[in-house]
Amino acid sequence: MELGLTFPLQRFLKMHTPLYGTQPDRRFCWDLHCIDLRGRKCLLAVHCHSRYTFVRFDVTPFQWADLPGLFRQGAQESLLAAGFSGRDIERSGLFATSLSLTRTHGRREVAFLNRAWDDVLKFDLCLDAFCQAQPLLDHAVNTQPSCCVGFEGLGTGLARMATLINAE
């Protein structure tokens with residue numbers, strides 16, 4: 001699985017620019033960005049295929065140092081809170097591979113990130129400032145109808161992720 005890092009996230013982590021990804025199947029790709037919410041550094045993660053989004057609020061420097069671990073924990077907690085069982089998530093195979101850090105996965109995917117960030121800001125009232133996991137905010141963002149390349153008509157990130165998890 002590839003985690004594409006935006007340039008602002010790379011600068012924030014003070015890391016060299018990673019190589020481009022080689023994964024042709026976007027079901028195994030996420031793009032990650034560092035955003036500020038209420039003056040705190042947060043992780044914004046968007047699945048490149050479904051546009052499913054989750055936020056980790058007020059991430060500590062120690063957690064940023066283990067970005068793959070931060071991502072795995074955030075993805076798992078968000079999907080469990082969205083109603084997926086641990087067994088279904090594991091069976092889907094979407095998280096079974098090792099993680100590699102790459103550049104973001106293209107213009108369309110960065111557009112997903114920008115749209116997700118706008119939605120997160122729009123639903124700021126759903127933010128729980130006392131918890132890193134943000135199930136209410138994630139739900140609000142992932143139930144917004146939008147077009148998504150690879151899926152017909154309007155859909156939601158939650159519905160498209162459900163299609164992926166339940167299809168495997």
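Helix H5, residues 107–122, has 16 residues and reaches 22 Å from its first C-alpha to its last, close to the 22 Å expected at 1.5 Å a residue. That expected span is 1.5 Å times one less than the number of residues in the helix. Here helices (H or I, at least four residues) and strands (E, at least two) are DSSP runs, numbered from the N terminus. The structure is a predicted model, for which local features need pLDDT of at least 70 and side-chain atom pairs count only at pLDDT 80 or more, while totals for chains, interfaces and linings use all residues. Residues are numbered from 1 along each chain as its sequence is written, and side-chain values use heavy atoms, with hydrogens and water left out.

The buried residues of H5 are Glu109, Phe112, Leu113, Ala116, Asp119 and Val120. Seen down the axis of H5, these buried residues fall within an arc of 130 degrees, so they line one face of the helix; the arc is that of the directions from the helix axis to the C-beta atoms. Arg107, Asp118 and Lys122 are exposed on the other side of H5. Buried stands for under 20% relative accessible area and exposed for over 50%, with partly exposed in between (1.4 Å probe, protein chains only).

Turning to the strands, an open sheet of five has the order S4-S3-S2-S1-S5, with mixed pairing. Two strands are taken to pair if DSSP finds at least two bridges between them. At the edges are S4 (53–56) and S5 (100–103), each of which pairs on one side only. Neighbouring strands of this sheet are turned by 30 degrees against each other on average, direction ignored. For such angles, axes are lines fitted to C-alpha atoms, for helices over the stretch in contact, and values run from 0 to 180 degrees between N-to-C directions.

Within the sheet, S1 and S2 pair in the parallel sense over four bridges, and Gly4 stands opposite Asp31 in S2. On Asp31, the bridge partner in S3 is Val46. Asp31 is itself buried, with a relative accessible area of 1%. The C-alpha atoms of Asp31 and Leu94, 63 residues apart along the chain, are separated by 14 Å. Eight of the nine residues of S2 are buried, so this strand is largely enclosed by the rest of the structure.

S2 and S3 pair in the antiparallel sense over eight bridges, with Ile35 opposite Cys42 in S3. Their hairpin has two residues between the strands, and Arg38 takes a positive phi near 50 degrees there. S3 is mostly covered, with six of its eight residues buried. Four bridges join S3 to S4, and these two strands run antiparallel; Leu43 stands opposite Arg56 in S4. The hairpin of S3 and S4 has five residues between the strands, and in this hairpin Arg51 takes a positive phi near 70 degrees.

Phe71 lies in H3 and counts as buried at 0% relative accessibility. Phe71 and Ala82 are 11 residues apart in sequence and 16 Å apart in space, C-alpha to C-alpha.

As for annotation, UniProt lists residues 5–120 as "domain: DUF6933" in an unreviewed entry. UniProt positions are given in the numbering used here, feature names are shortened, and annotations may be inferred rather than shown by experiment. The end C-alpha atoms of residues 5–120 lie 18 Å apart, and the span is 41% helix and 22% strand.
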